2 protein chains.
Amino acid sequence: MSSAIAGPEIERLIQLLARLPGLGPRSARRAALHLIKKRETLMEPLTTALQTAIARITVCEVCGNIDTQNPCTVCSDPRRDRSLIVVVADVADLWALERAHAVNGLYHVLGATLSPLDGIGPQDLNIDTLAARARAPDVKEVVLALNATVDGQTTAHYITDMLGDADVRVTGLAHGVPVGGELDYLDEGTLSAAMRQRTPF
Amino acid sequence: MSSAIAGPEIERLIQLLARLPGLGPRSARRAALHLIKKRETLMEPLTTALQTAIARITVCEVCGNIDTQNPCTVCSDPRRDRSLIVVVADVADLWALERAHAVNGLYHVLGATLSPLDGIGPQDLNIDTLAARARAPDVKEVVLALNATVDGQTTAHYITDMLGDADVRVTGLAHGVPVGGELDYLDEGTLSAAMRQRTPF
């Protein structure tokens with residue numbers, strides 16, 4: 001749609017919506033129209049929610065999580081096991097682990113993974129405070145919950161080296177068959193790992 | 001994600017984003033995180049664009065189009081052919097025809113189609129002003145660009161009856177093979193219509 005049809009304001013809204021992951025130019029138009037039609041029940045509440053989020057969202061100075069309080073809800077929770085730090089690349093990974101109720105410890109969000117090809121080095125990661133946190137007397141284990149990709153594993157090795165002289169266990173997530181997964185569809189690396197790390201039934 | 005993890009403000013934002021067409025709960029979380037990370041380049045501009053749209057968007061009193069001016073950009077355009085009115089069910093259809101540069105006339109947006117099963121009758125449509133517009137001396141043709149569904153065709157018949165005594169041609173969009181479409185995948189109704197309405201090559 002050229003900007004001559006529905007006014008530059010609507011065109012601008014569509015362009016910005018199209019930059020959200022999951023929306024393309026076509027679905028952004030549909031989303032804009034949906035918002036306009038649901039002005040009171042959706043467009044105005046969403047605008048208010050965005051304003052509130054802009055005003056209140058902050059990065060946790062302890063772990064790098066995104067929250068509306070600092071330290072974040074996880075770091076402030078007295079029921080969390082402070083001897084365990086789970087290192088993730090991104091807040092999305094933290095959210096995924098929380099949805100799975102997989103972690104009762106604390107987190108450390110790196111913000112990225114090392115990627116020499118993309119010019120991302122240790123100085124681009126939230127990694128200095130991890131070195132300090134992992135050396136705190138009450139910390140017993142650091143779990144590297146990083147993607148099973150080259151960059152993720154490069155980052156895992158870097159952190160393992162960095163924490164070599166610290167008095168902590170450094171562990172990683174298990175490889176294996178996804179729950180509900182079919183063997184026939186799995187790659188050979190996953191199947192080999194699942195076989196090597198087999199557990200008593 | 002429970003609201004205890006990232007604060008109720010972020011949870012609220014995710015819930016509202018999930019109500020956009022094309023986004024589900026999972027992609028809404030991803031969209032929220034993307035917005036938070038691109039606060040200055042995306043979240044703040046989007047909030048401003050929404051505020052501007054809320055303040056300025058209006059419905060064209062002539063044709064029912066959504067725009068930031070009234071009468072809308074199409075109705076105000078002096079280069080448009082005022083003898084032609086293209087009737088559409090929804091603003092989305094108007095946008096689709098404009099994207100295709102398929103229409104150089106004016107539009108009339110009904111806002112819905114007749115649907116006895118859903119209790120949508122003529123009084124629920126922006127149809128009274130169409131009767132008056134179609135009878136204006138400079139109007140020569142009314143094109144019913146309605147969906148080729150039962151409701152769309154019911155609406156088309158209703159409007160054809162309504163304009164029976166008006167001095168205008170009432171036409172509909174052609175049926176046929178979509179450009180780029182493969183015959184093998186087309187339904188029998190479309191193929192029959194395309195054969196009946198075949199054109200010289």
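Where in chain A is P71(A) found? P71(A) sits in the loop between β2 (66–67) and α5 (73–76) of chain A. This is a predicted model, in which local features need pLDDT of at least 70, side-chain atom pairs count only at pLDDT 80 or more, and totals for chains, interfaces and linings use all residues. Residues are numbered from 1 along each chain as its sequence is written, chains are lettered from A and ligands numbered from 1 in the order in which they are written, and side-chain values use heavy atoms, with hydrogens and water left out. Helices (H or I, at least four residues) and strands (E, at least two) are DSSP runs, numbered from the N terminus.

**Backbone exceptions**

- Most residues other than glycine have a negative phi, and most peptide bonds are trans.
- A cis peptide bond links N70(A) to P71(A), with omega about -5 degrees.
- Chain B has a cis bond between N70(B) and P71(B), with omega about 0 degrees.
- P71(B) lies in the loop between β2 (66–67) and α5 (73–76) of chain B.
- H101(A) is not a glycine, yet its phi is positive, near 50 degrees.
- H101(A) belongs to the loop between α6 (91–99) and β4 of chain A.
- The relative accessible area of H101(A) is 70%, so H101(A) is exposed. (Buried means under 20% relative accessible area, exposed over 50%, partly exposed in between, with a 1.4 Å probe and protein chains only.)
- H101(B), also not a glycine, has a positive phi of about 50 degrees.
- H101(B) lies in the loop between α6 (91–99) and β4 (105–109) of chain B, and counts as exposed at 71% relative accessibility.

- Chain A splits into domain 1 (8–56) and domain 2 (66–172); the bounds come from an automatic or database domain assignment.
- The C-alpha centres of the two domains of chain A are 33 Å apart.
- Helices α3 (residues 25–37) and α4 (residues 39–56) of chain A pack at about 110 degrees, with axes 6 Å apart. Therefore α3(A) is roughly perpendicular to α4(A).
- Angles under 35 degrees count as roughly parallel, over 145 as roughly antiparallel, 65 to 115 as roughly perpendicular and the rest as oblique. Axes are lines fitted to C-alpha atoms, for helices over the stretch in contact, and angles run from 0 to 180 degrees between N-to-C directions.
- H34(A), L35(A), I36(A) and K37(A) of α3(A) meet R39(A), L42(A), M43(A) and L46(A) of α4(A). Contact means heavy atoms within 4.5 Å.

**A buried loop residue in chain A**

- S115(A) is in the loop between β4 (105–109) and α7 (128–134) of chain A.
- S115(A) is buried, at 3% relative accessibility.
- Leaving out residues up to four places away in sequence, S115(A) touches I120(A) and D151(A).

**Helices and a strand in chain B**

- Helix α2 (residues 8–17) of chain B is mostly covered, with 7 of its 10 residues buried. Among them are I10(B), L13(B) and L17(B).
- In helix α9 (residues 188–196) of chain B, the buried residues are T190(B), A193(B) and A194(B). They cover an arc of only 100 degrees around the axis, so they are on the same side of α9(B). The arc is that of the directions from the helix axis to the C-beta atoms.
- The face of α9(B) turned away from the buried side carries exposed E188(B), M195(B) and R196(B).
- V143(B), in strand β5 (residues 141–144) of chain B, is buried at 11% relative accessible area.
- Leaving out residues up to four places away in sequence, V143(B) touches several residues, including L84(B), V86(B) and T171(B).
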